[in-house]
Amino acid sequence: MTSNIAPPVVRKLRGYAIDPSLSTALLTMNVNELVYRVEWEELDSRPGSSQGSFPAGEYLEIVDYDPATGQFYEAVDLDHPHLLAQDGHAPSVSNPQFHQQMVYAVVMTTIKNFEQALGRKVQWAENIRYSEQQDGEERSEVIFEFVPRLRIYPHGLRQANAFYDPNKKALLFGYFSASPADPRLQLPAETVFTCLSHDIIAHETTHALLDGFHRRYIDATHPDTRAFHEAFADIVALFQHFSFPDVLKHQIAQTRGDLKQQNLLGQLAQQFGKAVGGYGSLRDAIGGYDKDNNWRPHTPDPKAYRTVMDFHTRGSILVAAVFDAFLSIYQHRVRRVMRIATGGTGLLPEGELHPDLVDEMAETAAKTAGDVLRICIRALDYCPPMDITFGDYLRAIITADFDMVAEDSRGYRVAFVEAFQKWGISVVGIKSMAVEDLLHELHPDKLSSDQQKQLGAFLRKLKESVGYLTDRKQIYEKTKSFIRGRLGLHKRIEAKFVASGKEDNFAELTGLMFPGAQEATEKQGLEFAYLTTQTASYAVGNVWLANRVTPDGRIVNHVVVTLIQKRGIRFDVTSNSVTVREDGFFVPDKTPRHKRGAHHIIFRGGCTLIFDLNTMRLRYSIKKDIDDRERMIRQFKYEQGMLGGDSDTYFASATMNALAGPFAFMHSHTAGSEAQDDQ
Amino acid sequence: MTNKASVNSVKVRMYRQGFGDCFLLSFYQDDNRIFTMLIDCGIKYNTKSDEAPIEKIVEDLKQTLTPEGETTPQLDVLVATHEHWDHISFFHPTRFPDFFADFQIGQVWLAWTEDPDDDEAKQINSRLRDGAVALQMAASRLNDTEGQETQQTQGFYFGEKVAGARQDFNTSLNDVLGFYGVTSLKKISDSGIKYNPDGSISSLTQQSMERIIELGGDRIRYFNPGTTVDSSLLPLGIRVHVLGPPRSSLINKSNPSRGHAHETYLSIDHSGMTSFIDGLFGMAQDKGERGHSSRGAPFGSDVGVTADEAASEPYFANTYFREDEAYRRIENNWLDIAGQFALQLDGAINNTSLVLAIELTDSGKVLLFPGDAQVGSWLSWHDHEWEVREGCGVRKRSAADLLNNTVLYKVSHHGSHNATIRDKGLEMMTHAELVAMIPEKEDSYNGILYEPLMERLKQLCKGRVMVSADSNCPPEDLMNDRPALLSECEWNTFKDNLKVDRLYLEYTVR
């Protein structure tokens, strides 16, 4: 027996580096294939076979069903000895098993990038069901269920579209006959498969992952929220793509003269999105072709963030800002390589670049892309649990990076701030756009050191029992058990902070409200004593461990906790819709729709608390105040379309969102094809 | 008509049959009617009006058009703008066989897109009809499986929302389908399509249009954009300029740099939709129904197994077919794009509208009848110039000239958000006497009337906006209360020119 041989570290799988529909274009010819190195995992084994497997592992299951033809395509056996020996199926448009392999490779790569950046296992969004209502119960109980695997349908749609369905916890990829504007790019009537595009797969996987972290980000409460979901997914796809050095080499070698202007990376970024129309749109922010067919980066329009409300264009602002930051970091880093290569002059000699130089530059670009990717992902832990704005995200990026790299010797943080400023992204409630002012307040002093120690002791226990688990379901269940129950975190917070007579401090720290007795609480639109609480009810949303090793060898040992409250708010609107003011509250779960009033919203507030287990101190509180009047009115106006944006016609966007989630029609080739005007 | 008579006023009668167009234009020299034109006669599918029933309206048309001392109604020109039920339903050969049977019709005017000998038109029409039928298949399948979906999502927090949304979606889809009159096809197959003996597929609107062509006989004229109707067909004193529908080739040629990727004219977006249509036809065929050949399958025919076979394979049995995970099935997700497709198709057909600008020669005043033309059509108007003879010379009229001189605007597409463009359209209608007529009924469609458009119309027309059948905008208000922007004198003139009847609103352009 050979059972004492250790399993391999990675599973090598061949795949397309770029959408195969682009591989016919000369420009990208030699880079259309690469080998994905996916962390090894045992897949579900085939019954009656000692070796074979199904494409179903720890995080996902690929079900290749095509409802338009009614066909099921055979599941790929990635553990077939022949495939193991040759890095999987060869890339092929006409082999559905290769399609499954490609999707598997990219989804797993994306997941692993997240886990690496965050220092913990990722979880999918939970299923939420109602129990059967029992006699005498006021309402049925809400049941949260662990979702072990993301379901993936590589051929689930017949359209130039792919999306994450938050109801089904599934990714659906479409295919279609291509006829792009520029016929040179594709052979006519070729079938294009969205499941063969690295960017699309990574983008949709990111939607699913983000939904797993922050369930409330799906709610469109601010012009930025949906735009953020889109932009973030695009950022992950883009920088993950750039983190493969092979992808960049060809371009760097070919456009040597352009390096100073740094156009090629932007151009490449945009090209990735070209084959599948809808996906290019976000990237259009970075640049475009002028009338002589030369690619030029766009000049940032600092007014756009204030004036453009539709989420596609807004999202592109964030992508462009992050891309700008990436470029200036890369520029800074590559300068050294250039100086070494040119004996200090920085002027490249005539002729082709030395292949070593190309390699070095590509490595530098790829490393920088990897850094930016991790920075952007890690920032998620520092975001408020709802109603995110681009400004919140910038602060999260800066603060997260500060915790990782205390001294900004490479100027990453400055690069981000400058880029965001250049694109006009403003941050509410800070003194200036200086890095120091963007950092969240360290060690907010609203809790006594005793309180902090008690909380810390509890969280350490949690860390001890959850931190070493590797099974995601166990992690989920165990964490839940620490939140709930008589001695759980939820109850504890209430006992130590809310009922301690110091609830004002706690409320100020967390952005929650605890108005006292039942009547006073309900008057404020907050539910009283639901489930375990004896006060205004609140929910513990997430409890995450963040275990990271910093570049200078320190160990970050944080626990991230989110707290959330909700209330119903009525508004008084003057007949000409000019003035809006808050006009009383209602308890959402106890007020049927017809009693909520003509103008109302469900409003959420709360915070993300980051606790440092090394120092036993609360490090940050990142809050969205539940009593913030300005935010209430803004959300109401946004939901009413009073801030501009997309207007509803036959198919109200609310209808479409409810059917398959808000992502279903975002990238669709035809989405928003009802043009308003050309002006 | 006599050659010497010259038109100096036009009475525009907008009938109030409900959501749909029916306009009778009577051209006068002083008190003598010398020419008549009927533009469209239709109503939203499956609706009728109690206040202004269509029988009474047709009766009124007959009476009005029958000259004194004669017995048959005489109409100089019948215009059918485009193939939508709310514009041409009352010409249907079997549903309303009597309505126009005894009319003496001088000429029938249609857009080039209806010309059976025009190759571009043939291509467009077959694509549009295929699309309409495919949509209907999608709609009927979604209707049939509504319950199944509800069951699968029951108990989930999103379940109720999904069920409600599905109902709204299906209603909207059926609404749009009503434009083609295909919802009524007898269900003789699982996918709900009626096939003609020769295997072709037809819809009610197509049948209506065929009847109109029959009524026209050899007196049909098909019009191209950028042309002016031959003066021999018209009385003195008016010119009729044709603004749309545009030729798609022309659009592409004249606007290379514009890049309106989003509202490409007459195009069913191929990359998005061809595979979808193919999929539907393929589905019909797989069920053993007559239909198109199976197209668009992504892999060879030997790749893949059927659902029945898959259900007995352990992997699929354990994933897709697991009962407790039924909520994750995706049988119908691919059909949800039918909503967008419907809008696209609808817009494409709206853009085949014959767009006429009727100009009074002496005053230069223009009456604009755009049918349901949408953005793409409006933009194309500006690619043309119309030559008019003036005295011994020739002058050119641009679209801007015509819009500047528009005094009566029949609001396109019942006042929706995407059929009246702003800068190159409405904002150019600056004439002090501008009035607007909107044939529309309340609560017919989401988004009609489009509030911001209505607001702007009211400003530009100083309140003189006449709506045919919307109880929220009763025409009596215009007679009883002076709109704030209108002077006392203007209001009096307006009231003199407006006649409010139970069956119609009639406004006179002088």
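Among contacts in chain B between residues at least 6 apart in sequence, what percentage join residues at least 24 apart? The share is 72%, two residues being in contact if their C-beta atoms, placed from the backbone, lie within 7 Å.

This is a predicted model, in which local features need pLDDT of at least 70, side-chain atom pairs count only at pLDDT 80 or more, and totals for chains, interfaces and linings use all residues. Residues are numbered from 1 along each chain as its sequence is written, while chains are lettered from A and ligands numbered from 1 in the order in which they are written.

**View 1. Overview of chains A and B.** Chain A contains 20 helices and 18 strands, and chain B has 16 helices and 17 strands; helices (H or I, at least four residues) and strands (E, at least two) are DSSP runs numbered from the N terminus. Buried residues account for 50% of the 679 residues in chain A and for 50% of the 510 residues in chain B. A residue is buried if 20 or more other C-beta atoms lie within 10 Å of its own, exposed if 12 or fewer, and partly exposed in between, with C-beta atoms placed from the backbone. In chain A, 65% of the contacts with a separation of 6 or more are between residues 24 or more positions apart.

**View 2. The surroundings of Phe19(B).** Phe19(B) occupies the loop between strand E1 (9-15) and strand E2 (22-29) of chain B. Phe19(B) is buried because 24 other C-beta atoms lie within 10 Å. Beyond its neighbours within four places in sequence, Phe19(B) has contacts that include Ile43(B), Lys44(B), Asp86(B), His414(B) and Glu440(B). A C-alpha separation of 24 Å lies between Phe19(B) and Lys462(B), which are 443 residues apart along the chain.

**View 3. Helix H3 against helix H5 in chain B.** Helix H3 (residues 119-144) and helix H5 (residues 159-178) of chain B pack at an angle of about 150°, with their axes 10 Å apart. Axes are lines fitted to C-alpha atoms, for helices over the stretch in contact, and angles run from 0 to 180 degrees between N-to-C directions. H3(B) is therefore roughly antiparallel to H5(B), a label for angles over 145 degrees, with under 35 counted as roughly parallel, 65 to 115 as roughly perpendicular and the rest as oblique. The contact involves, among others, Leu135(B) and Ala139(B) of H3(B) and Leu173(B) and Leu177(B) of H5(B). Its residues divide into 5 nonpolar, 4 polar and no charged; Ala, Val, Leu, Ile, Met, Phe, Trp, Tyr, Cys and Pro count as nonpolar, Asp, Glu, Lys and Arg as charged, and the others, Gly among them, as polar.

**View 4. Helix H3 against helix H11 in chain B.** H3(B) and helix H11 (residues 338-350) of chain B pack at an angle of about 150°, their axes being 10 Å apart. H3(B) is therefore roughly antiparallel to H11(B).

**View 5. A sheet of chain B.** Six strands form an open sheet in the order E7-E9-E10-E13-E14-E15 (chain B), with mixed pairing; two strands pair if DSSP finds at least two bridges between them. Its edge strands are E7 (238-244) and E15 (465-469) of chain B, each pairing on one side only. Strand E10 (residues 366-369) and strand E13 (residues 406-410) of chain B pair in the parallel sense over 3 bridges. Leu368(B) stands opposite Tyr409(B) in E13(B).
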